[in-house]
Amino acid sequence: MGTFNVLLRFLCVGIMACLLLLSGSLAYASAPAPLTDWEYRWGDAPLEDDAPWSPIDFPSNPPERNGQKSVWFKTVLPEGEWRDPVLHITSINLVGQIYLDGTLIYQHGDMEEPRFIGWPWHLVPLPENSAGKTLALRIYSDYTSIGLWGDVEITDRIDALKGMLHASVQDLAVSAFSLLLAMLAAIFAMIGPERRGFFAIALFAFSSGLMLLAETPVRQLLADAPLTWDILRAASYFTLPIAIGLLLSHWLEGVPKRWMRRLWQLHLAYLVVSIGLVALGVVNLALTFPIFDVLLLLTLPLMLLLALLRVRRLNLEQRLFVTSFLLFAPLLLLDMLVAHELIPRRDVPLSYGALGFSLAIVGISLWHYRHTQRQLASANQTLEAQVTARTAELDTLVEQLKGLSLQDALTGLNNRRHFDALLHQEMALAQRKGSLLSLLMIDIDHFKKVNDNFGHDAGDAVLIEVAALLKKHFRGTDVVCRLGGEEFVALLPGTGAAEAQARAEKLLKAQSNQALSHLHQPLGRITLSCGIATYPAHTMDPKRLLRLADTALYKAKNNGRDRCEVWEGAVSSSEQ
């Protein structure tokens, strides 16, 4: 189910809850009627079979099971006045069919190929004239429990939904609080000094909040996906002892710490293996609960014992956690015993236990926060002095880095980044003053042959020599930059095309007459080609000025190299 549909259902459930709560003063048509006078018989023989039936107080776990997986239960529906009668069943273990006077009226799962599909509640519509008719349930289960669990009663649909919403309010509030706490603890885990401790707190709060949400009756109104809810419930339930063990092992020392670590690692292995096998379809999810509960029945008392052995050495916040753990752990064990019907069914205030444990964790979090703030205040006083001392050093480094970022490391000339910024500045200045600006694109002829014939070290030496000649030739307000590779550029403020060409030809002649060598090895005659474009005669756009100079350079290359070409053209009317 998509996220949008879940949110829409949540909104509808909220509206329904408000309407039902507002209508709470209205009288019921008839009070819910629990079903009594049940009978059962083992086996999967047809309902019409003459096999004897035996009485039972509640349709769950008849005596003398002896490994049997199928059972029948039946009773007679009582008289009553209901507007929209439904049979409300809290849960079925695990697959079942419901018959009314021998006619199938409801089915949970597939009796032909039975498999666990979750523990949802059931609202089975009943005809108005169903009083006095025989209600029969055919149940299959390979679980520790077989039959029904919770309430089995006839009621009005609206009353059943109202009861579910009322039963969910408390758990939903605690769940929301726990999930909020998990988020806050996760933030502390990312920024605080006690990261492992806060991570364990976030893990426990998230697991307990998700478990309570997955157990509330209202979950089925939010998303009708019982198996998914039960998988979330199992995963969060199995995670609780991991979070508790992480917290305790974080605080303990020595042998107790090592044993506590082994216990939570054992639970982590069970979580990964069990949920993994369920996801692969190898194991029935229902069978993972009794195994885990046996494991929890052994490990939880051991955790309590290890914590109590070290309680005198713990600080106040750690003792607060252990105390709250001592209150929460018995509720967790009691809820487990009730779920397996090892003790009579009763309401276990597990949500209150989780709330108390969460509040204790809030106290721990606030304690940590206060301690952290004191440490930060002390550290800030020291840091302020250090920052003041380092600011001057950083300013100097910034200026040095800024210079390096605008300078070519090999030649010492300004680089392309500096040129791009400078070109716009110079053209804006020329525009304000109404002066000229010429741009020269300069390229070393046949530079690739130098690298191929003499090596890249020789090529670097040529670049350095050419850069030195450019620095010597262009001075004053002229600026020379290396664009990259063997390409250079010169900006000549206040210079027209003719003067720029004359100066470029002197540069080319000087380079042509200069003999270059590397490691006493002559490199041959090195020449330059040059292209010129001028503002505003050729263009008033900085980017176009560079392109026009580059076009003139290519013309020089095509006309034989070792020469200078001026772009031939004028500024277009759109640029004026």
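## A first residue: Glu215

At 27% relative accessibility, Glu215 counts as partly exposed, a class that lies between buried (under 20% relative accessible area) and exposed (over 50%), using a 1.4 Å probe and protein chains only. This is a predicted model, in which local features need pLDDT of at least 70 and side-chain atom pairs count only at pLDDT 80 or more, while totals for chains, interfaces and linings use all residues. Residues are numbered from 1 along each chain as its sequence is written, and side-chain values use heavy atoms, leaving out hydrogens and water.

Which residue forms a salt bridge with Glu215? The partner is Arg233, with the closest N and O atoms 3.3 Å apart; a salt bridge here is a side-chain nitrogen of Lys or Arg within 4 Å of a carboxyl oxygen of Asp or Glu. This pair links distant parts of the chain, as Arg233 sits in helix H5 (residues 226-251) and Glu215 in helix H3 (residues 195-215), 18 residues apart. Helices (H or I, at least four residues) and strands (E, at least two) are DSSP runs, numbered from the N terminus.

The whole structure holds 14 salt bridges. One of them joins the side chains of Asp478 and Arg503, at 2.4 Å from N to O. Asp478 belongs to the loop between H12 and strand E12 (479-484) and Arg503 to helix H13 (residues 497-512), so this pair ties together parts that are 25 residues apart in sequence. With 11% relative accessibility, Asp478 is buried. Elsewhere, salt bridges with shared partners join Glu215, Asp230 and Arg233 into one network.

Another salt bridge brings together Asp420 and Arg416, at 3.0 Å from N to O. Both residues lie in helix H10 (residues 416-433), four residues apart, or about one turn of the helix. Asp420 is partly exposed at 36%, and Arg416 is partly exposed at 36%.

## Helix H12

How many residues does helix H12 have? The helix has 18 (residues 456-473), and at 1.5 Å a residue it should span 26 Å, which agrees with its end C-alpha atoms being 26 Å apart. The expected span is 1.5 Å times one less than the number of residues. Among the buried residues of H12 are Ala458, Val462, Val466 and Leu470.

## Around Ile56

Ile56 is part of strand E3 (residues 54-56). Is Ile56 buried or exposed? At 14% relative accessibility, Ile56 counts as buried.

Leaving aside residues up to four places away in sequence, Ile56 touches Trp38, Glu39, Tyr40, Pro62 and Phe73, where contact means heavy atoms within 4.5 Å. Trp38 is 18 residues from Ile56 along the chain, and their C-alpha atoms are separated by 5.4 Å.
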